[in-house]
Amino acid sequence: SLHDALPFSIDEEFVRVFAVASTDDLAAKDPKRWVQEDDVLDTWFSSGLWPFSTLGWPEKTADLDAFYPGAVLETGSDILFFWVARMVWFGNYFMGKSPFKDVFLHTIVRDAAGRKMSKSEGNALDPLDVMNGITLDDLLAKTKTYPVPPAKLDKVLKGIEKEFPKTELRPEGGIPPAGADGLRFTLAALSSHSRDVKLSVPRATGYRALMNKIWNAYRFGAIAGEKAVLKPFESVRSTMSLADRYIVARLQRVVDEVSVAIDEYRFDGMSNSFYSFFWDEFCSNYIELIKGTLDGDGGDDARDTSWTVFVHVLDSALRLLHPLCPFLTEDIWQRLPNKILFFTLLAAWVLLFQFWGNSILGYIHAPSLFAWLREAYGNPDSSSDGSYGNFIPFLVVGLFWWKRQEMLALPLQTWTA
């Protein structure tokens with residue numbers, strides 16, 4: 001044993017002496033036994049030098065000039081003082097400037113019940129299983145290989161069977177595949193400015209449905225636009241329908257929301273803004289409104305205009321989503337008719353057009369408006385006195401159509417002056 005191999009005994013006195021903080025005391029008491037190493041850095045001390053020592057410091061190198069200082073450090077809150085503070089101290093002392101401007105503290109991913117994931121607890125989820133899916137039998141077999149105490153194993157296995165049961169829709173049970181993009185979007189949507197993320201597999205499956213929605217939107221456009229002619233976006237501004245103007249204005253609003261969310265590291269806000277826009281407004285409303293137009297009901301000019309707007313909005317949406325879901329967005333973006341670059345990564349961020357961004361249409365949320373109109377129109381007694389329930393639809397529709405070519409494009413401040 002290790003105890004027998006040591007040339008001295010490990011007793012209370014030894015432990016007490018070993019625990020003395022001062023190496024001078026140890027060396028003074030037994031100089032033959034204790035020698036101070038003179039060529040070593042403390043772990044956190046050497047880690048504090050990492051931002052610039054890895055770039056060739058103390059020499060003045062091209063890498064040091066190019067990559068120091070950085071912009072953002074992403075880390076956990078548990079080493080904020082041990083490592084992050086030391087990097088800032090040493091960076092300012094040796095280099096004259098901090099190694100980064102922002103520190104983004106990531107959240108801790110826990111299970112759906114809020115417990116810390118641990119193989120010994122049997123609640124650890126392999127990201128590959130969430131991405132690719134795994135049957136219940138395989139999941140149970142995999143869990144049995146974890147170091148779960150025998151006394152707890154049966155309870156853990158029953159818990160897994162209850163959480164991921166075999167059903168009619170999924171006879172094999174287990175975890176349905178969410179895909180890499182689905183999992184990435186889930187983690188972003190759940191990463192609020194708190195310390196914990198409760199990873200919900202049903203939530204990840206739900207966001208996979210968003211990925212399918214995006215693909216189906218592209219497929220619809222590819223088929224519906226076969227006879228349409230794609231024109232420069234700015235050239236169709238004067239021929240846009242109300243639906244076209246609305247979706248472009250809403251696109252500008254979501255570009256602004258997503259850009260601000262990224263700047264503030266609010267990836268949950270970024271995800272939720274995109275989800276609401278693409279699912280509720282682009283797919284559920286705009287696509288439904290232009291189906292007849294793309295079939296040619298309004299003539300060739302109207303069809304070409306709506307097709308051009310459709311491609312512009314889809315292209316912009318893919319650029320917005322690419323940082324979170326690079327695989328799906330790249331696949332679809334490669335198929336777009338207006339693609340001029342090899343990769344989405346090289347494409348410019350979506351531009352904000354002042355003309356559209358300040359349009360009053362950008363401040364109207366169509367799903368809420370349509371639900372409101374349906375409720376008001378279907379229930380004339382929805383108001384307190386029952387006198388204006390049926391008047392609301394005509395008032396709103398009249399506002400929308402009143403000089404729509406001129407007024408709806410005016411900046412919001414013109415309306416409120």
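Are R250 and E281 buried or exposed: which is it? R250 is buried, and so is E281. The legends below describe close-ups of a predicted model.

**Figure 1. A salt bridge joins R250 and E281.** The side chains meet at 3.0 Å, N to O. R250 sits in helix α13 (residues 242–263) and E281 in helix α14 (residues 267–294), so placed that the pair links distant parts of the chain, 31 residues apart. The structure holds 15 salt bridges.

**Figure 2. R319 and D315 form a salt bridge.** Their closest N and O atoms are 3.1 Å apart. Both lie in helix α15 (residues 300–321); being four residues apart, they are separated by about one helical turn. D315 counts as buried at 7% relative accessibility, whereas R319 is partly exposed at 22%. Elsewhere, salt bridges that share partners join D126, D129 and K142 into one network.

**Figure 3. E234 meets R237 in a salt bridge.** The N to O distance is 3.9 Å. E234 is partly exposed, at 41% relative accessibility. R237 is partly exposed too, at 31%.

**Figure 4. F52 and F94 make an aromatic pair, one of 22 in the whole structure.** Ring centres lie 6.1 Å apart with planes at 50°, so the pair is tilted. F52 belongs to helix α5 (residues 50–53) and F94 to helix α7 (residues 80–95), so the contact ties together parts 42 residues apart in sequence. F52 is buried, at 0% relative accessible area; F94 is partly exposed, at 36%. Ring pairs link F45, F52, W57, Y68, F90, Y93 and F94 into a cluster.

**Figure 5. K213 lies over the face of W279.** The distance to the ring centre is 4.7 Å.

Methods:
Residues numbered from 1 in each chain as written. Predicted model: local features only at pLDDT ≥ 70, side-chain atom pairs only at ≥ 80, totals over all residues. Heavy atoms only, no water. Phe/Tyr/Trp six-rings, centres within 6.5 Å; stacked < 30°, edge-to-face > 60°. Helix = DSSP H or I, 4+ residues; strand = E, 2+ residues; numbered from the N terminus. Buried < 20%, exposed > 50% of the residue type's maximum accessible area, 1.4 Å probe, protein only. Lys NZ or Arg CZ within 6 Å of the ring centre and 35° of its normal. Salt bridge = Lys/Arg side-chain N within 4 Å of Asp/Glu carboxyl O.
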